[in-house]
Amino acid sequence: WILFESVHMLSFLLFFCTTYALQPTSVDIPSMRTLAQSHNIYMGVAPQHNVLDKDYGDLLVSQFSLMIVPVFMSFTQPTPTTFDWHEPDLMYNFTVKHNLVPRGHNLIWGMLLPEWIKKMKLTPEKSNEIMKRRILTVVGHYKGKFRSWDVVNEALLNDGSGLRKTVWNPTGQKLNYTFIANAYRYARQADPTTLLFYNEYIYIYNLTAKFERMISMLDIMLKDGVPIDGVGLQLHINLIQAVNYTSVKHNMKRLHSMGLEVHMSEVTVSCRGVNQHDVFQRQAEVFGNLTQVCVELMEEHKRDVKAGVAVGNKAPCRAYIQWGIVDSYTYLPHGSFPNVFRLKGKQETASRFEPKPAFFSIVEQLSK
């Protein structure tokens, strides 16, 4: 549905060909971070490699303004009452040193759990006790330091019938949102200033029952005064999928109309299972189209604010968060090539990484 005027297409092709051919290194290419700022968008990233690797860290800092700081329970809480801050503190300190906005991910999830909690016979009361201690401790440790937290992650069943059965919902009650509401109240108690997000993977462009269930759940909790500030919509896309960008935009606007800040979170575009010769160009189109949606939402919001008709003080696409930077460093299966940079060589120089067509497609949209 997205068509470029011929003059825009010509200028982009000239830009792409000359830039991609003559500026292959991370130190010479445009900065997504800088370009996104003109639209009031945080260009975010979840590192999938050691940020202290100089090449990787330098590329991250040059291209991104927001960084995920992981606090998965599996490595931050080795026992019910002890916490290990080594890894998250290292990541947080990196954000401070390089003027990156930190976003915590995540506090409550049904996966990446330590063995001790998996072995417990949990009641709702015991689960709540563990959850309360975890949230008060972790958020309290970073009180006043993180702009936002993914408080609850991926709580809904894919069929939209309700909540998953997890250690946090041990009885499997599908429509009892008490534990989720409690999680946000504990987080607000621990830090009154940070923004509290719900993060979920949803095929939002297909208007699935899962998306509608999420809308219903959020509406119920917001009306009950639960302090939810925003939603992260995960966009792990595979090229075999058909993406309806009109629906993506529509559903982000629906969430924003509820008074929520909306982020494109966990953006990857996997090429796995696609063998066409133009696979990276097709990938570039998806990254570019998602970026265009985000830019359009933010520019429309800017006009609404100026006209005095904006909904609340939160934005409809405040962050565009890529899950990884370089294809070689990803949690996705081999052959996915889901990111916008790739490994050029093993030499420890700036030319170790090079941008893919997807990078320039994002840059082109941010430059408008």
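## Strands β4 and β5

Strand β4 (residues 148-153) is joined to strand β5 (residues 195-201) by five bridges in the parallel sense. In this pairing N153 stands opposite N199 of β5. The model described here is a predicted one.

## The barrel and the helices on it

The strands form a closed barrel of eight, in the order β1-β2-β3-β4-β5-β6-β7-β8, with parallel pairing. On average, and with direction ignored, neighbouring strands of this sheet are turned by 30 degrees against each other.

Helix α5 (residues 86-97) packs on the sheet, where it touches β2 (66-70) and β3. The direction of α5 makes about 165 degrees with that of β2. Helix α8 (residues 178-190) lies across β3, β4 and β5, and its angle to β4 is about 160 degrees.

## Helices α9 and α10

Two packed helices are described by the angle between their axes and the distance between the axes. Helix α9 (residues 209-223) packs against helix α10 (residues 245-257) at an angle of about 10 degrees, and the axes are 11 Å apart. Angles under 35 degrees count as roughly parallel, so α9 is roughly parallel to α10.

On the α9 side the contact is made by F211, E212, M214, I215 and L218, and on the α10 side by N251, R254 and L255. The residues of this contact divide into five nonpolar, one polar and two charged.

## The largest pocket

The largest pocket has a volume of about 710 Å³. Its lining consists of 31 residues, and those nearest the centre of the pocket are Q48, F72, E266, W323 and Y331. The elements that give two or more residues to this lining are β2, α5, β3 and β6 (230-238). By residue class the pocket lining divides into 19 nonpolar, nine polar and three charged.

## Two cavities

A search of the whole structure finds two cavities of 30 Å³ or more. The largest cavity has a volume of about 60 Å³. Its lining is made of I108, W109, G110, V152, N153, E154, A155, R164, T166, W168 and F179. These lining residues divide into six nonpolar, three polar and two charged. N153, one of the residues lining this cavity, is the residue that stands opposite N199 in β5.

The second largest cavity holds about 40 Å³ of space. Its lining is made of F72, M73, N106, L107, I108, W109, M111, L112, L113, R134 and W168. Strand β3 (residues 101-108) gives the most to this lining, with three residues. The lining of the second largest cavity divides into nine nonpolar, one polar and one charged.

## Backbone exceptions

Most residues other than glycine have a negative phi, and most peptide bonds are trans. The peptide bond from H105 to N106 is cis, with omega near -20 degrees.

E154 is not a glycine, and its phi is positive, near 55 degrees. This residue is found in the loop between β4 and α8.

Technical notes:
Residues are numbered from 1 along each chain as its sequence is written. This is a predicted model: local features need pLDDT of at least 70, side-chain atom pairs count only at pLDDT 80 or more; totals for chains, interfaces and linings use all residues. Side-chain values use heavy atoms; hydrogens and water are left out. On a 1 Å grid over the protein atoms alone, a cavity is a set of points where a 1.4 Å probe fits but cannot get out, and a pocket is an open set with protein on both sides within 12 Å along at least five of seven lines; lining residues have an atom within 4 Å of a point. Grid points are joined across faces, edges and corners, and a volume is the space filled by probe spheres set on the points. Ala, Val, Leu, Ile, Met, Phe, Trp, Tyr, Cys and Pro count as nonpolar, Asp, Glu, Lys and Arg as charged, and the others, Gly among them, as polar. Helices (H or I, at least four residues) and strands (E, at least two) are DSSP runs, numbered from the N terminus. Two strands pair if DSSP finds at least two bridges between them. Axes are lines fitted to C-alpha atoms, for helices over the stretch in contact, and angles run from 0 to 180 degrees between N-to-C directions. Contact means heavy atoms within 4.5 Å. Angles under 35 degrees count as roughly parallel, over 145 as roughly antiparallel, 65 to 115 as roughly perpendicular and the rest as oblique.
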